[in-house]
Amino acid sequence: MSPVMAVSAHNHKGECHKGVKQLVDSGLQRVPKKYILSPSERPATNMEEDPINVAKQNLQLPIIDFSDLLGPNRPQVLQNLAAACEGYGFFQLVNHGISDDVIRSMIGVVGRFFNLSFEERTRYMTEDMRAAVRYGTSFSQTKDSVFCWRDFLKLLCHPLPEFLPHWPPSPVDFRKVAATYAQETKHLFLMLMEAIVESLGIMEANEGEETLEKDNILKEMEDGSQVLVTNFYPPCPEPDLTLGMPPHSDYGFLTLLLQDEVEGLQIQFQEKWFTVQPINNAFVVNVGDHLEIYSNGKYKSVLHRVVVNSANSRTSVASLHSLPFNSTVRPSPKLVDETNPKRYADTDFETFLAHISTTETKRKDFLNSRKLTST
Ligand code: OGA
Ligand code: NI
């Protein structure tokens, strides 16, 4: 490395911690070294270079019509839901009842937040995982050896009256819009969880004990944790060299993801990466590690990642839901018996935090650390 290059790489190091929006706004033409993945980890959008790991076709994810779940077709939709969770770990949710207005306002206000001045946005920059509001860049700014092309703002949402006063006061409508969005996605999550629990066969026709198990988990969920993660991926001058988010699974029960019209989310299916085509106003819903544990491995959390592009910025909002932070997640006793032994160790949020604060969060490391058998 020439002395000149060494100096410029060093200078970028400090710059990188300010996030990718700031780098791009400063007129950057090349991706700094800090973001360049080793060749085997690059997204390989060029088919000739890597025809094995990236699929040519987009994947048509199962589509679940939420309004159908509330009508006479519920049994059929529950079967489709089970098939989607078992076969893909992902589905698109349409006709979910959250209005276009609430959705458009949320994407809009998040876009305006990331357009605020650098000073205003970064008032919320902290390494404290328990902070009510956390602004940052990459996946884990302190542990990632290679940074990814993403800035984020995370908001804790439950209980809302406790956290809302800590949320950013600007743009002026930020708190109002994000609070409405948080409440409506929470309600939708609870209705979906009820269907998911039923789809696992945990509640069969009015058998007292099983109904109790269903009621218990749903009751606990009402008071469960909710984290809104808003992501901003600016245009990237060399998108083949880096990723917006590395391959990972989500920690909670379900994630409800809202993406704008720019594609970028990819999921792993049969060992290939497929792009998830955005559907206007739909949620991309995915199984998280906690649901994999609760279902004793019947439903699997699936690896996903984000690719970036040179033409457009992209905004997304992920709503992550789980039990309260101090609850224990364990396989449902209804899904454990002699032929189906317990496949995961009980876990809680503290164990998860301890895990992510000591290792580079990648792939399904945390879940793998909870497995009791190697199958
Ligand atoms: C996430 C996530 C995907 C996206 O926030 O966990 O996977 O498209 N986001 O931003
Ligand atoms: Ni994710």
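Predicted model: local features only at pLDDT ≥ 70, side-chain atom pairs only at ≥ 80, totals over all residues.
Let's start with the metal. What coordinates the nickel ion, ligand 2? Three residues do: H248 through NE2, D250 through OD, and H304 through NE2. The distances run from 2.1 to 2.2 Å. Now look along the chain. The donors follow the spacing H-x1-D-x53-H. Take the pair D250 and H304, which links distant parts of the chain, 54 residues apart. D250 sits in the loop between strand 6 (245–248) and strand 7 (254–259). H304 belongs to strand 11, residues 304–306. Are D250 and H304 buried or exposed? Both are buried.

Next, helix 4. This helix covers residues 74–87, so 14 residues. At 1.5 Å a residue, helix 4 should span 20 Å. Its end C-alpha atoms are 20 Å apart, so the two values agree.

Now the faces of the helix. Which residues of helix 4 are buried? They are V77, L78, L81, A82, A84 and C85. These residues cover an arc of only 165° around the axis, so they lie on the same side of helix 4. Turn to the other side, and you find P75 and Q79 exposed.

What do the buried residues of helix 4 pack against? There are strands: strand 1 (63–65), strand 2 (90–94) and strand 10 (283–287). There are helices too: helix 3 (66–69) and helix 8 (174–199).

One last stop. Just after helix 4 comes G89, with a positive phi of about 75°.

Methods: Residues numbered from 1 in each chain as written. Chains lettered and ligands numbered in written order. Heavy atoms only, no water. Donors = N, O, S within 2.8 Å, 3.2 Å for Na, K, Ca; no water. Helix = DSSP H or I, 4+ residues; strand = E, 2+ residues; numbered from the N terminus. Buried < 20%, exposed > 50% of the residue type's maximum accessible area, 1.4 Å probe, protein only. Expected span 1.5 Å × (residues − 1). Arc of directions from axis to C-beta. Contact = heavy atoms within 4.5 Å.
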